[in-house]
Every structure is written in structure tokens, then in C-alpha cells.
Amino acid sequence: MQEHKLLVLGDSLSAAYGLTQQQGWVYLLQNAWVNENKPITVINGAISGDTTDGGLSRLPRLLDLHKPTHLLIELGGNDALQGHNPKKIKANIEQMVQLAQKNNVEVMLQEMQIPTNYGKRYTQMFMQVFIDIAAENDIPLIPFFLENIALNKKLMQNDGIHPTAEAQPMITELLKPQLEVHIFD
């Protein structure tokens, strides 16, 4: 059995913001696969507040250090919250995809969404970035994992942005089968 390594390159949504690492979905996902004897290690390369600029600058070292077989990019939300140009967000993510692929790493892209108060045009342009990158690079686009969580106040921390400890197993349940399809093919 081939040993897989999944690197999660993300922001606070993957870094277990406001929680212990053991409560976060990345840790829970690793445990779920360990319990099923799946040959995989999950590396959490997420940092709260990270942007696509940060992810792009950190990725070469993470690839060199961990030598992952798979990469899940979960970035872009903080860029949008800071009002960054969607073209810049797209360019950064595309560079990450290309860098990973040059290192024979299979890439998956996490779809991101932002609050609607950024206006319809910006919100649509932002969401289109992920659709376009996935299509243009022929990589899987994983649906936004907070889709059915973000509007439930009981599942969100008081800031309304970060999921609670109770929401983390739900995120794991949602992501696990979607990631397995692309990792254990």
C-alpha cells in the first residue's frame, strides 16, 4: 500500500481558530483515516489570518519539508475580506497549483465563499476564481465546507466567521468522502 501525505494549506478555518488542534477538522480527519487503517498522514499547514500571498510564500518550504503526495488549498477568504483583487487571488492560487504539480503533488482546491455584504459583483467574481482555476488546471474543486454550517449560529463562534468545536466533526464528515475519491483512487 502506498503511503499518502496530504498537506492542508489553509487559513483559520483549517487551523482550528479558537479551538485546540485536537478539536479541529484536520486532526479529526487524520484520526478518522487512522481508525480505518488508511495509509495517509495529514499535515496541517494552516495559519490563522493567512492569505494567498502567505500561502504562496510558504508553499515551497512546506513541499520541501513534508514531501506531500496531495495538497488541499484552502485559501482566499482572508484576501477577499481584505478586498484584494480577484485577479491577484487567482494568480497566487494558480502559482501554488503549478508549483505543487511541478513537484508531482496532486492538488485539490477548496471552494471558498464570503459574506454577501461585499456586494454581488465582487462576491461573484471571487467565487468564479475557484471555478476557473479548477477547470483550467483540471483539478478537483471541493465544495465549500461551511455551506450548511455558516448560517447556523449554534455552529459558529461568536465572531460569526469561525466554526465551533461542535461543527468540526460535521466538516470532517463532509470532506472525508470528497477527499478520499481523489486520494485513494
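This is a predicted model: local features need pLDDT of at least 70, side-chain atom pairs count only at pLDDT 80 or more; totals for chains, interfaces and linings use all residues.

User: Ok, which strand is histidine 4 in?

Analyst: Histidine 4 sits in strand E1, which covers residues 4–10.

User: And is histidine 4 buried or exposed?

Analyst: Histidine 4 counts as buried because its relative accessibility is 10%. Buried means under 20% relative accessible area, exposed over 50%, and partly exposed in between (1.4 Å probe, protein chains only). As for E1, six of its seven residues are buried.

User: What does histidine 4 touch?

Analyst: Leaving out residues up to four places away in sequence, histidine 4 touches Pro39, Ile40, Thr41, Thr69, His70, Ile183 and Phe184. A contact here means heavy atoms within 4.5 Å.

User: In what order do the strands sit in the sheet?

Analyst: The order is E2-E1-E3-E4-E5, five strands in an open sheet with parallel pairing. Strand E2 (40–44) and strand E5 (141–142) are at the edges with a single partner strand each, so one side of each has no neighbour in the sheet. Two strands pair if DSSP finds at least two bridges between them.

User: How many bridges join E1 and E2?

Analyst: Five, in the parallel sense. Histidine 4 stands opposite isoleucine 40 in E2, and leucine 6 has valine 42 as its bridge partner there.

User: Which helix packs on the sheet around there?

Analyst: That's helix H2 (residues 52–66), touching E1, E2 and strand E3 (70–74). The direction of H2 makes about 160° with that of E1. Axes are lines fitted to C-alpha atoms, for helices over the stretch in contact, and angles run from 0 to 180 degrees between N-to-C directions.

User: Let's switch to E3. How many of the residues of E3 are buried?

Analyst: Five of the five, so E3 is largely enclosed by the rest of the structure. His70, Leu72 and Glu74 cover one side, with Leu71 and Ile73 on the other.

User: Why two sides?

Analyst: Because in a regular strand the side chains alternate between the two faces of the sheet.

User: What does E3 pair with?

Analyst: E3 pairs with E1 over five bridges and with E4 over four, both in the parallel sense. Glycine 10 stands opposite glutamate 74 in E3, while histidine 70 has glutamate 106 in E4 as its bridge partner.

User: New topic: how much space lies in the largest pocket?

Analyst: About 550 Å³. On a 1 Å grid over the protein atoms alone, a pocket is an open set of points where a 1.4 Å probe fits, with protein on both sides within 12 Å along at least five of seven lines; lining residues have an atom within 4 Å of a point. Grid points are joined across faces, edges and corners, and a volume is the space filled by probe spheres set on the points.

User: Which residues lie nearest the centre of the largest pocket?

Analyst: Gln113, Ile114, Pro115, Phe144 and Ala150, out of 22 lining residues. Helix H3 (77–81) and helix H5 (120–137) are the elements that give two or more residues to this lining, and H3 gives the largest share, three residues.

How values were computed. Residues are numbered from 1 along each chain as its sequence is written. Side-chain values use heavy atoms; hydrogens and water are left out.
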